Amino acid sequence: MKKYFSTNSRFLGIFSASLMTFLILTGCEDNSDSKITSWKSQPTNESITAKGKFIPVYEPALKAENRIEENLWRSHKLLEDFTDEMNDFVKIPRDIKVISKECNESNAFYDRENYTIELCYELGVEERKMFSDVGDSGEVLDNLLYQSAVGTLFHEAGHALIAVLDLKITGREEDVADQLAAYILTYNNEDKDYLITVSETYSLAAQRAESLDDLLFYDSHSLDAQRAVNFLCYVYGSDPKGFNHLIGDELLNKDRAEDCEFEYQQIVDAWDFLLGPYFKNNLDKK
Ligand SMILES: [Zn+2]
């Protein structure tokens with residue numbers, strides 16, 4: 001079974017760092033003139049019970065082209081691996097179903113009302129076409145599609161955690177959700193391949209735009225090309241020496257790359273802090 005991170009050890013160190021930050025922040029509350037009367041602090045790890053879990057559900061596809069993606073995802077245990085990882089990683093207050101299904105559109109969502117992550121077979125169909133068009137086939141193609149779907153699921157996990165844990169974020173939620181995917185998929189070196197594949201998916205999608213009119217500047221998501229560059233930046237930022245080869249003129253240029261290590265560290269620090277109280281086993285293993 002594919003593991004996105006093999007131990008929780010990363011989360012051991014950070015919890016104490018998060019706790020330090022928490023203590024420093026709450027230490028500023030003694031100004032009685034302050035208009036801020038209820039500073040909502042982070043919950044403590046002990047106060048949170050893991051009542052919920054992520055639950056995988058494959059809905060059967062009816063259309064033949066969608067059934068190909070259903071079979072790929074089922075045979076690679078896509079939803080099982082993803083939900084296992086999330087359940088090992090973080091405590092959530094209620095169940096969240098992770099459903100693969102036919103949607104009649106190429107997309108993936110987190111549904112705040114029904115507490116479901118939904119991944120459409122049509123998204124797999126669309127990505128299969130994009131990668132096939134540039135010559136990928138067979139097992140290589142299947143692997144790219146699997147990796148890309150994993151990246152999408154962790155992006156949706158970002159939306160889900162923001163909602164059910166009521167996490168406070170600044171910046172657009174779509175960018176923050178991409179950053180959760182990057183945070184998780186840069187823990188192990190081998191998982192960074194996943195993020196590079198996700199970047200490739202967005203890069204291929206970006207190449208379909210023929211004119212400025214094709215770019216959705218109003219959209220809540222960053223442009224496909226920006227998302228492609230961001231993911232490369234985060235992988236590079238996680239290990240500049242190891243991923244120096246990602247710098248090039250086409251996507252991640254030198255100017256952007258200069259700040260990637262700092263950008264990446266900000267993301268790690270922020271998610272460590274936001275999720276610190278919800279990590280599983282982080283105190284038990286000390
Ligand atoms: Zn999203």
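Trainee: By the rule for aromatic pairs, to what number does the count come?

Mentor: A pair of aromatic rings is described by the distance of the centres and the angle of the planes. Rings of Phe, Tyr and Trp (its six-membered ring) pair if their centres lie within 6.5 Å; planes under 30 degrees apart are stacked, those over 60 are edge-to-face, and the rest are tilted. By this rule the count comes to seven aromatic pairs. In one of them, tryptophan 73 and tyrosine 121, the ring centres are 5.3 Å apart and the planes stand at 40°, so the pair is tilted. This pair links distant parts of the chain, with tryptophan 73 in helix α2 (residues 64-75) and tyrosine 121 in helix α4, 48 residues apart.

Before we continue, two remarks on the source are needed. This is a predicted model, in which local features need pLDDT of at least 70 and side-chain atom pairs count only at pLDDT 80 or more, while totals for chains, interfaces and linings use all residues. Residues are numbered from 1 along each chain as its sequence is written, and side-chain values use heavy atoms, with hydrogens and water left out.

Trainee: Are tryptophan 73 and tyrosine 121 buried or exposed?

Mentor: Buried means under 20% relative accessible area, exposed means over 50%, and partly exposed lies in between (1.4 Å probe, protein chains only). Tryptophan 73 is buried, with a relative accessible area of 2%, and tyrosine 121 is buried as well, at 0%. For another geometry, take phenylalanine 82 and phenylalanine 154: their ring centres are 5.0 Å apart and their planes are at 70°, so the pair is edge-to-face. Phenylalanine 82 lies in helix α3 (residues 78-89) and phenylalanine 154 in helix α5, so the pair ties together parts that are 72 residues apart in sequence.

Trainee: How many helices and strands does the protein chain have?

Mentor: Helices (H or I, at least four residues) and strands (E, at least two) are DSSP runs, numbered from the N terminus. The protein chain has nine helices and four strands, in the order α-β-α-α-β-β-β-α-α-α-α-α-α along the sequence.

Trainee: Which residues have the most contacts inside the largest nonpolar core?

Mentor: In soluble globular proteins, nonpolar side chains tend to be buried together. A nonpolar core is a set of buried Ala, Val, Leu, Ile, Met, Phe, Trp, Tyr and Cys residues joined through side-chain atoms within 4.5 Å. In this chain, buried residues make up 48% of the 286 residues. The largest nonpolar core has 72 residues, and those with the most contacts inside it are Leu78, Met86, Leu161, Tyr183, Trp271 and Leu275. Helix α5 (residues 138-164) gives the most to this core, with 13 residues. Contact means heavy atoms within 4.5 Å; beyond residues up to four places away in sequence, leucine 161 touches among others Phe54, Met86, Val90 and Leu275.

Trainee: Which residues coordinate the zinc ion?

Mentor: Donors are N, O and S atoms within 2.8 Å of the metal (3.2 Å for Na, K and Ca); water is not among the atoms, so sites may look incomplete. Here the zinc ion is coordinated by His155 (NE2), His159 (NE2) and Glu174 (OE), at 2.0 to 2.1 Å. The spacing of these donor residues in sequence is H-x3-H-x14-E. Histidine 159 lies in helix α5 and glutamate 174 in helix α6, so the pair ties together parts that are 15 residues apart in sequence. Histidine 159 and glutamate 174 are both buried.

Trainee: How many residues of α7 are buried, and what covers them?

Mentor: Twelve of the 15 residues of α7 are buried, including Tyr194, Leu195 and Tyr202. Their cover includes α4 (121-133), α5, α6 (173-185) and α8 (224-238).

Trainee: What is aspartate 224 in contact with?

Mentor: Aspartate 224 lies in helix α8 and counts as partly exposed, at 29% relative accessibility. Leaving aside neighbours within four places in sequence, aspartate 224 is in contact with Tyr202, Ala205 and Ala206. Aspartate 224 and tyrosine 202 are 22 residues apart in sequence and 5.0 Å apart in space, C-alpha to C-alpha.
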